[in-house]
Amino acid sequence: VGGEQLRNARERLEDCRAEAALEMAEYSLTMATRRANMASFGRAQMAELVRTLGAATEAGVDPALIRSARKLVSRKGNDKEAQLVKLYDRVDRFKRLAAGADAASEGERENAERMLAQAQEKLAKLMAPEAEEEEVA
């Protein structure tokens, strides 16, 4: 019985950690959205929102919060930030498609996985430090 109780406690601990991580991502996105939406907003607040939006999308935060933040970036962000947000959306969509495809739609799953890999590669290139240096030059 002791081993089973320990295993159950570990499972509950992992569930609590996952829930806490989701709550933290949601809180971070909410606060970053508020800061970027303030009248005194600057580039740093928008860059923080974009970074937080990527993490929140990955964590599976409430889609309504994510949509709200994406709209704000598309309104106030620069071209690169808007492109990053679109890529986050594509990555999220392809992940859901790949995970939701059943055995009958093996081709759809493979296609979603291929498109996911392409979107992640493009996202990595856009996030690379040398991409930022090229924009400055």
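Arg70 is placed in helix α3, which covers residues 63-76, and this residue counts as buried at 14% relative accessibility. The model is a predicted one, and its chain contains 6 helices and 0 strands, so the points below concern how helices and individual side chains are placed against one another in a prediction. Of the 137 residues in the chain, 28% are buried.

**Confidence in the model**

- Over the chain, pLDDT averages 85, and 90% of the residues reach a score of at least 70.
- Confidence is highest in helix α1 (residues 2-37), with a mean of 92, and lowest in helix α6 (residues 129-136), where the mean is 49.
- Across residues 133-137 the pLDDT stays under 50, and for this stretch the model has 1 contact beyond four places in sequence.

**Overall arrangement**

- The pattern along the sequence is α-α-α-α-α-α, in keeping with a chain that has 6 helices and 0 strands.
- Among contacts between residues at least 6 apart in sequence, 65% join residues at least 24 apart.
- The structure holds 0 aromatic pairs, although the charged end of Arg93 does sit over the ring of Phe94, at 5.9 Å from the centre of that ring.

**Helix α1**

- Helix α1 is made up of 36 residues and reaches 52 Å from its first C-alpha to its last, which is close to the 52 Å expected at 1.5 Å a residue.
- Its buried residues are Ala25, Leu29, Ala32, Thr33 and Ala36, and the buried residues of α1 pack against α2 (43-59) and α3.

**Helix α2 and the residue that follows**

- Just after α2, Gly60 takes a positive phi of about 85°.

**Helix α5 and its buried face**

- At 1.5 Å a residue, the 22 residues of helix α5 (residues 106-127) should span 32 Å, and the end C-alpha atoms are 31 Å apart, which agrees.
- The buried residues of α5 are Ala112, Leu116, Ala119, Leu123 and Leu126; seen down the helix axis, these buried residues fall within an arc of 90°, so they line one face of α5.
- In general, an α-helix has 3.6 residues a turn, so residues three or four places apart point the same way.

- Leu87 is found in helix α4, which covers residues 79-100, and is buried, with a relative accessible area of 3%.
- Leaving aside neighbours within four places in sequence, Leu87 is in contact with Ala119, Lys122, Leu123 and Leu126, and of these Ala119, Leu123 and Leu126 belong to the buried residues of α5.
- Leu87 and Leu126 lie 39 residues apart in sequence, whereas their C-alpha atoms are 9.6 Å apart in space.
- Gln120 lies in helix α5 and is partly exposed, with a relative accessible area of 36%.
- The C-alpha atoms of Gln120 and Leu87 are separated by 7.8 Å, while the two residues are 33 residues apart along the chain.
- With neighbours within four places in sequence left aside, Gln120 is in contact with Val91 and Lys95.

Definitions and conventions
Residues numbered from 1 in each chain as written. Predicted model: local features only at pLDDT ≥ 70, side-chain atom pairs only at ≥ 80, totals over all residues. Heavy atoms only, no water. Helix = DSSP H or I, 4+ residues; strand = E, 2+ residues; numbered from the N terminus. Expected span 1.5 Å × (residues − 1). Buried < 20%, exposed > 50% of the residue type's maximum accessible area, 1.4 Å probe, protein only. Arc of directions from axis to C-beta. Contact = heavy atoms within 4.5 Å. Phe/Tyr/Trp six-rings, centres within 6.5 Å; stacked < 30°, edge-to-face > 60°. Lys NZ or Arg CZ within 6 Å of the ring centre and 35° of its normal. pLDDT = per-residue confidence, 0-100.
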